[in-house]
Amino acid sequence: MKRRLIRTLIALPIVYAVLLGAQVGLTALHAKSYFSSLSGEYDRTTLDSQSNQVATDVNRIFTLLSVPVVKQIASAAGVDFTPIRDEAVATIKASSWIAGADAPKRYMIAFQNSAEARGTGGILGAFAIVDLNKGAFSVVRTGSNAVLYSQKEIPYTVPLEYYKLYGKNPAILQNSNLSPHFPYGAEIWMGLWKKQFGEQLDGVIAVDPSALSYVLKATGPITLANGSVITSDNVVAETLQKAYKRYEKDNNARKQYLVDIMNAAAAKITSGQYSKIAMAKAIRRGLIENRILMYSRDAAAEKELATVRLGGFLSKDPNNEYRAVIQNIDASKLDYYLQRSVEIENISCKNIQQTQVRVTLTNTLKSGKGLPAYVLTRADKGKPADLVTGQHRFKLFIYGPTNAKLVSVSRENRKDGLGGGSTERGRPIYVADVDLAPGESEELLANFAGGVGKISFVDQPLVIPTQLSVKGGC
């Protein structure tokens, strides 16, 4: 896929910017020159200068496209990319290193299984190792987590608070991304890879089945060797629900099925036979929903990624950001059925503002009867004696803003077993253990003091998106 990754990113705002005349012509000229440079023998300084010029041009286009009338036309045409303006500009600035312009770069593409929740989305189910060399893209190998090993110690230096929250479990490959701070998970994955294969990767790109469904909407269906047809409409259910029943007695075959889907999708994408606008829309949606994440080992590139959703940062900067993060602790695949509702409300704006976060969690599974044992797994300790089939246990982490304080907590119909408080990267957290039988719901509340700016919420990318309500604002 010759330079398609960077071309697509740069093309996002350009696809409809022809309306803007001279500025677009200038941007296209700079972009064409930059593309040519990517495949030539240019030094890093020159390439960075050129990418910054293209980023400046694109940023100017976005500014022009923010004019209400133009924005309305773009929205009506379904080609409004202003919601990912920051991602486009930041990625272009970092693109010379990401594209392997100065030296070949090797990345892990992590396919996250959101039926078993982790901080950044889901457990690592399948992977691909890809090379980028002067903008040219190639797949080196693919596989499932069955071929990857775990370690006794985390192969990356993390702060003490990290061990307090997650212990040493992240040294287990499937638990590497327990934290919602994506760089932690990416570095641990790369560290485990180096321990096993002696190879230093240059970064990680994470996607999930929902993001793949958006891409397949652009490329059209894929057909596997066994004749199965995977479409935008069925890929999530096929990979996160139906495959467990189909391969109930052969889990390795199920994992290979995921790899087969990933390989077929890669072939479809590299063919280039799809609408560039449709693919840009797919990327836009994946970025907005936090289903596409990227980490770079290059300090300059990572500095750009750290400022946008694509980087998956749990920022330490002053903010008024909230999160409700699910961490699967029973090893089941029941997060496929988990519904989340979050209501954020300012309850006081005097002096230090007070904000209440109400999270309602529902196990939408009607009955666990008939589901494969692998889906229903209860590998957690201290299971209740009256365990109901399909009962799901997990932890809920409610994050407050940087430098805020957790003031009080409560749980529906409970006076004990409320959970406790903790911190991560300057954020106060309410941590609670939840266990829901099929059809059950529970409401949990956390009150925070502090926060700077407008209320925002970062959704954890699981199968069912969070229903969000924000009330008031100081």
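Reader: Which residue does K168 form a salt bridge with, and how far apart are the closest N and O atoms?
Author: K168 pairs with E153, and the closest N and O atoms are 3.1 Å apart. A salt bridge here is a side-chain nitrogen of Lys or Arg within 4 Å of a carboxyl oxygen of Asp or Glu.

Reader: Where do K168 and E153 lie?
Author: K168 is in the loop between helix 6 (160–166) and helix 7 (182–197). E153 is in the loop between strand 3 (136–144) and helix 6, so the pair ties together parts that are 15 residues apart in sequence. Helices (H or I, at least four residues) and strands (E, at least two) are DSSP runs, numbered from the N terminus.

Reader: What are the ground rules for the model?
Author: This is a predicted model: local features need pLDDT of at least 70, side-chain atom pairs count only at pLDDT 80 or more, and totals for chains, interfaces and linings use all residues. Residues are numbered from 1 along each chain as its sequence is written, and side-chain values use heavy atoms, with hydrogens and water left out.

Reader: Is K168 buried, exposed or partly exposed?
Author: Partly exposed, with a relative accessible area of 46%. E153 is partly exposed too, at 45%. Buried means under 20% relative accessible area, exposed over 50%, partly exposed in between (1.4 Å probe, protein chains only).

Reader: How many salt bridges does the count come to?
Author: The count is 24 salt bridges.

Reader: What about E442 and R414?
Author: They form a salt bridge, with the closest N and O atoms 4.0 Å apart. E442 sits in strand 15 (residues 441–449) and R414 in the loop between strand 12 (405–411) and strand 13 (420–424), so the pair ties together parts that are 28 residues apart in sequence. E442 is buried at 7% relative accessibility, while R414 is partly exposed at 35%.

Reader: Which residues are linked in a network of salt bridges?
Author: R378, D380, R393, D433 and D435.

Reader: How do strand 11 and strand 14 run?
Author: Antiparallel. Eight bridges join strand 11 (residues 392–399) to strand 14 (residues 427–436). H392 stands opposite L436 in strand 14.

Note on methods
Pairing = 2+ DSSP bridges.
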